Amino acid sequence: MKILDFRSDTVTQPTGKMRQAMASARVGDDVYGDDPTLNELEALSAKILGKEAALFVPSGTFGNQVSILTHTKRGDEIIVGFDAHIVWHEVGGAAVISGVQTRTLNTDYGVYDMEELKNLIRGKDIHYPDTGLICMENAHGGGKVVPLAHMAEVYDLAQDRGIPVHLDGARLFNAATYLGVEAAEITRYCDSVNVCLSKGLGAPVGSVVAGSAAFIEKARKMRKLMGGGMRQAGILGAAGIIALTEMVDRLKEDHENAALLRERMAAFKGVEVDLARSHINMVFFKASEEDFPSDRVVEGLLERGIKINGPEGGEWRFVTNKDIEREDIDTLIRALEEILE
Ligand SMILES: Cc1ncc(COP(=O)(O)O)c(C=O)c1O
């Protein structure tokens, strides 16, 4: 039985071509700069992301945290959306690793109020921490894409105040797909970006951070400090190259499947699909416990080989990914109909 996994886009299996490339990858000791496959991945990433240089890192969390560490000094303050991955899901890493304080601001799924942002940037005062970094997230994990005009507005302000901008672009290519632009059109509005290879793009492991040559040189050292010098990591990088060259164009299928799933889910009694958060491969909905009993749904689907996460804070999230085909949406809907009958 094919297992269908709607829990995330991190759950995908590497493609056959990725496995082959990994098995035959030319490798060397990357800490010495000797791994030809990683060097190729990093050069390719820099080119695609429109930056001078790039660095392979073990995960998206690592990519964000090494970027914060590279941009800031201890005691700085970073400005970041209250609902950002950096705030919610990175175990307080900014405080632990970089020794910075996070100043959170309201966001509409990644879009900031410019007046609030302006007011949060610190002036000069003996009592104040320095504002060391502004962070953005695009696509936002809440399922929306931040418009380019807003990215530009934030970047202009940051440049005006001499503050760098880091973009958590874990799903940058989903954002680019939605906007119908090249990824570099988005990353021109940041100084550094973290992009995950192991989400929608299907690589088994890894992210890349891109920025100026000077930034990446320092980040490489900070990666070593964090224990991320990975020796023959070209084994992993080989899959990353395929992720970047062959898996980007198909993201639109994930978005189309998510759109279909939204439409089908909306037909269930007691289910309220959030249609505003419909830009990428995520389907968010609320459901009454009476019509859509969470334990019964989660267990019933699991018995039928379908994995989902239960609701978090009263909200459900189904995610499409490269291992979910269009007909798998029908399978999920049929299974739900059976369970809820
Ligand atoms: C927006 C965002 N940023 C960063 C990450 C971190 O990636 P990783 O799970 O590879 O650490 C995730 C993971 O889901 C994410 O959704």
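Me: Which residues are around the ligand?

Reply: The shell is made up of Ser59, Gly60, Thr61, Asn64, His85, Glu137, Gly141, Asp168, Ala170, Cys196 and Ser207. Keep in mind that this is a predicted model.

Me: Which helix gives the most to that shell?

Reply: That's helix α3, residues 60-71, which puts in three residues.

Me: And how do the shell residues divide into nonpolar, polar and charged?

Reply: Seven are polar, two are nonpolar and two are charged.

Me: OK, zooming out. How many helices and strands does the chain have?

Reply: There are 14 helices and 14 strands. The radius of gyration is 21 Å, close to the 20 Å from the globule rule for 341 residues, so the chain is as compact as a globular protein of that length.

Me: What does the C-alpha trace span along its principal axes?

Reply: About 65 × 50 × 35 Å.

Me: What share of the residues is buried?

Reply: Buried residues come to 47% of the 341 in the chain.

Me: Switching to domains. What does the assignment give?

Reply: It gives domain 1 at 16-246 and domain 2 at 250-340. Their C-alpha centres are 29 Å apart.

Me: How many residues does the contact take from each domain?

Reply: 13 residues from domain 1 and 13 residues from domain 2. On the side of domain 1 that touches domain 2, five are nonpolar, six polar and two charged.

Me: Last one: of contacts between residues at least 6 apart in sequence, what percentage joins residues at least 24 apart?

Reply: For the chain, that's 75%.

Conventions:
Residues are numbered from 1 along each chain as its sequence is written. This is a predicted model: local features need pLDDT of at least 70, side-chain atom pairs count only at pLDDT 80 or more; totals for chains, interfaces and linings use all residues. A residue is near a molecule or strand if its C-beta atom, placed from the backbone, lies within 6 Å of it. Helices (H or I, at least four residues) and strands (E, at least two) are DSSP runs, numbered from the N terminus. Ala, Val, Leu, Ile, Met, Phe, Trp, Tyr, Cys and Pro count as nonpolar, Asp, Glu, Lys and Arg as charged, and the others, Gly among them, as polar. The radius of gyration is taken over C-alpha atoms; the globule rule is 2.2 Å times the number of residues to the power 0.38. A residue is buried if 20 or more other C-beta atoms lie within 10 Å of its own, exposed if 12 or fewer, and partly exposed in between; C-beta atoms are placed from the backbone. Two residues are in contact if their C-beta atoms, placed from the backbone, lie within 7 Å. Domain bounds come from an automatic or database domain assignment.
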